[in-house]
Amino acid sequence: MEISQAHARELEKQQQRKEALRVACGTAFAGCSSLFFEAGCGHGHWLTSYAEAHPEQVCVGIDLIALRVRKALAKKDKRGLKNLHFFKAELGEFLEVLPEGLRLDSSILLFPDPWPKARHHRRRMVQHTLLDVLARRTLPGGHFYFRTDDRAYFDWTIEHLEENAYWEIDPSHPWPHERETYFQGLMDAYDSVVARKVETN
Ligand SMILES: C[S@@+](CC[C@H](N)C(=O)[O-])C[C@H]1O[C@@H](n2cnc3c(N)ncnc32)[C@H](O)[C@@H]1O
């Protein structure tokens, strides 16, 4: 099948972007075996506070918006946190280039864009493909933490977790850390869910 020149250029740019990210991850995570991961970290408030409280853990946050990642990096630098990394990256691309041997301790998604219209639901970050990839990369005993102000997105996430063979909702597991995010500060109310990776023999 022939692809247009514009499409071919876009694919090439994507390849270059992924290669640069692969090299950056290889350098940042050399000698490291597992990470605490935040997808869509925004301005980095939550993960900076978490990393400061858990110096023994290596933490990584990613976001699509460069300005937000710069603000997150400024927080990390101000506190001199060596165990914290932020990258401007798209979620799927990041998980694709993350060094294969590297595992996730746990992952968190805080106030992701809700995409309320049905025709946009496929843009939501929570999808079975994401839950499958996260489960494959997560260490035994690892968790997936999710919080949103959007009730429909909360229900969607519960449904996906209930349907997914690799995760089970773990209501008694504590929330890992409390620090208001930028978007949390704008919301009156929110819901949280914690899921544990299912052990397979
Ligand atoms: C509503 S904001 C929430 C930011 C932060 N978690 C908070 O609570 O303040 C959602 C964030 O997810 C990021 N985002 C959306 N889709 C993404 C994707 N596919 N990969 C990485 N980041 C993404 C957006 O750029 C945005 O900063």
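Student: Which helices and strands each supply at least two residues of the lining of the largest cavity?

Tutor: They are β1 (34–39), β4 (103–110) and α5 (128–137). Helices (H or I, at least four residues) and strands (E, at least two) are DSSP runs numbered from the N terminus. This is a predicted model, where local features need pLDDT of at least 70 and side-chain atom pairs pLDDT 80 or more, while totals for chains, interfaces and linings use all residues. Residues are numbered from 1 along each chain as its sequence is written, and side-chain values use heavy atoms, without hydrogens and water.

Student: Which of them gives the largest share of that lining?

Tutor: That would be β4, with three residues. The lining of the largest cavity includes Phe37, Ala39, Ser107, Ile108 and Leu109. By class, eight of its residues are nonpolar, one is polar and none is charged.

Student: How many cavities of 30 Å³ or more are there, and what volume does the largest have?

Tutor: The count comes to one cavity of 30 Å³ or more, and the largest has a volume of about 50 Å³. On a 1 Å grid over the protein atoms alone, a cavity is a set of points where a 1.4 Å probe fits but cannot get out, while a pocket is an open set with protein on both sides within 12 Å along at least five of seven lines; lining residues have an atom within 4 Å of a point.

Student: OK, pockets then. What volume does the largest pocket have?

Tutor: About 760 Å³. Its lining has 38 residues, and those nearest its centre are Gly40, Leu64, Pro112, Asp113 and Met125. The whole lining divides into 21 nonpolar, nine polar and eight charged residues.

Student: What takes up that space?

Tutor: The ligand does: the space it takes is the largest pocket. Around the ligand there are 17 residues, the closest being Gly40, Asp63, Arg68, Leu110 and Thr181.

Terms used:
Near = heavy atom within 4 Å. Sits in = over half its atoms within 2 Å of the grid points. Points joined across faces, edges and corners; volume = space filled by probe spheres on them. Nonpolar A, V, L, I, M, F, W, Y, C, P; charged D, E, K, R; others polar.
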